[in-house]
Amino acid sequence: VKHRPHGFCSSVAKENVMTKIKDRCVLITGGASGIGRIMGRMALERGARRLVVWDINEADAAAIEAEAGRRDAVACYKVDVSDSGAVAEAYERVKRECGDVDILINCAGIVTGNKTFDLMSQREIDRTMAINATAPMTIARLMLPDMMARDCGHICNIASAAGMISNPRMSVYVASKWAVIGWSDSVRIELQQARSNVHITTVAPYYINTGMFEGVHSRILPILDPEPTARKIIRGIERNRNFCGIPLGFHLIRFCQGVLPVSWFDRIFGHWCGIFSAMDGFTGRRGK
């Protein structure tokens, strides 16, 4: 693998206010399906030098390599992101085989069901927190020092609107996404204080129609379409946005959450608008 000169990133980052995807190496966790897969395709369309996909599903990953057309532009690795040892080994392989990772998109995530908390098993709690909350930290901890040494890079952490609004029947999922938002934005501030050219984008989308939340019913906001949602995330990375709440109307709910008494907010948005009953018909991806 031909590595770029060590000072390349630093000089480019100082000249441009935007993150360029062209000629960059983009690594996406959970990139074999859903919006991760779509963002990978968009990265290649924007001229990414290399798309690296980490996913547990080998069949879906193999399909990406076949569809890309440019086999030299895509590298897929079977990685269980909840296994810190496997993550460290995979990252060393990526550096040897693909070169420096310029853009990391932490997209891997799971939801285990729509049970109330008292019915959740310890395994479901541990697995949800490990994949949704701990894994992005583990991966970023490995890659961030290398990005800081080059003085450029971008880490995008896909959280969820559920990370800002409490919701019954998904309490552990909510907890994992609250953790991601708080951690991600704290690292953003640390990098600003260090005057680093490494950027963090935290993304909080509403339910996305990828099958992960199959059966969810939403009265107040439409379920998001994957293509435009992925496009907005990619645009947020390119523009170095600190935070992307999708859709924009979701911020009105956040404003009301801040100014209304809890009982009023619960009644208006939770009950009348149906937020608290959205997960009642949840089925998720059957058979996966």
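Reader: In this predicted model, which side chain meets that of D146 in a salt bridge?

Author: The structure is a predicted model. A salt bridge requires a side-chain nitrogen of Lys or Arg within 4 Å of a carboxyl oxygen of Asp or Glu. The N to O distance for this pair is 3.5 Å, and the partner of D146 is K95.

Reader: How many residues apart in sequence are the parts that D146 and K95 tie together?

Author: D146 belongs to helix α5 (residues 122-150), while K95 belongs to helix α4 (residues 84-98).

Reader: Is D280, which forms a salt bridge with R169, buried or exposed, or partly exposed?

Author: The closest N and O atoms of D280 and R169 are 3.3 Å apart. Buried means under 20% relative accessible area and exposed means over 50%. The relative accessible area of D280 is 46%, so D280 is partly exposed.

Reader: Where is R241, a member of the patch of positive charge on the surface, placed?

Author: R241 gathers with K232, R235 and R239 in that patch. Its relative accessible area is 41%, so R241 counts as partly exposed. Its place is the loop between α7 (226-238) and β7 (243-246).

Notes
Residues are numbered from 1 along each chain as its sequence is written. This is a predicted model: local features need pLDDT of at least 70, side-chain atom pairs count only at pLDDT 80 or more; totals for chains, interfaces and linings use all residues. Side-chain values use heavy atoms; hydrogens and water are left out. Patches are made of residues with over 30% relative accessible area and no salt bridge: like charges are joined within 9 Å, nonpolar side chains (Val, Leu, Ile, Met, Phe, Trp, Tyr) within 5 Å. Accessible areas come from the Shrake-Rupley method with a 1.4 Å probe; for residues, only the protein chains shown count as cover. Lys and Arg count as positive and Asp and Glu as negative; His and the chain ends are not counted. The place of a charge is taken as NZ of Lys, CZ of Arg, CG of Asp or CD of Glu. Helices (H or I, at least four residues) and strands (E, at least two) are DSSP runs, numbered from the N terminus. Buried means under 20% relative accessible area, exposed over 50%, partly exposed in between (1.4 Å probe, protein chains only).
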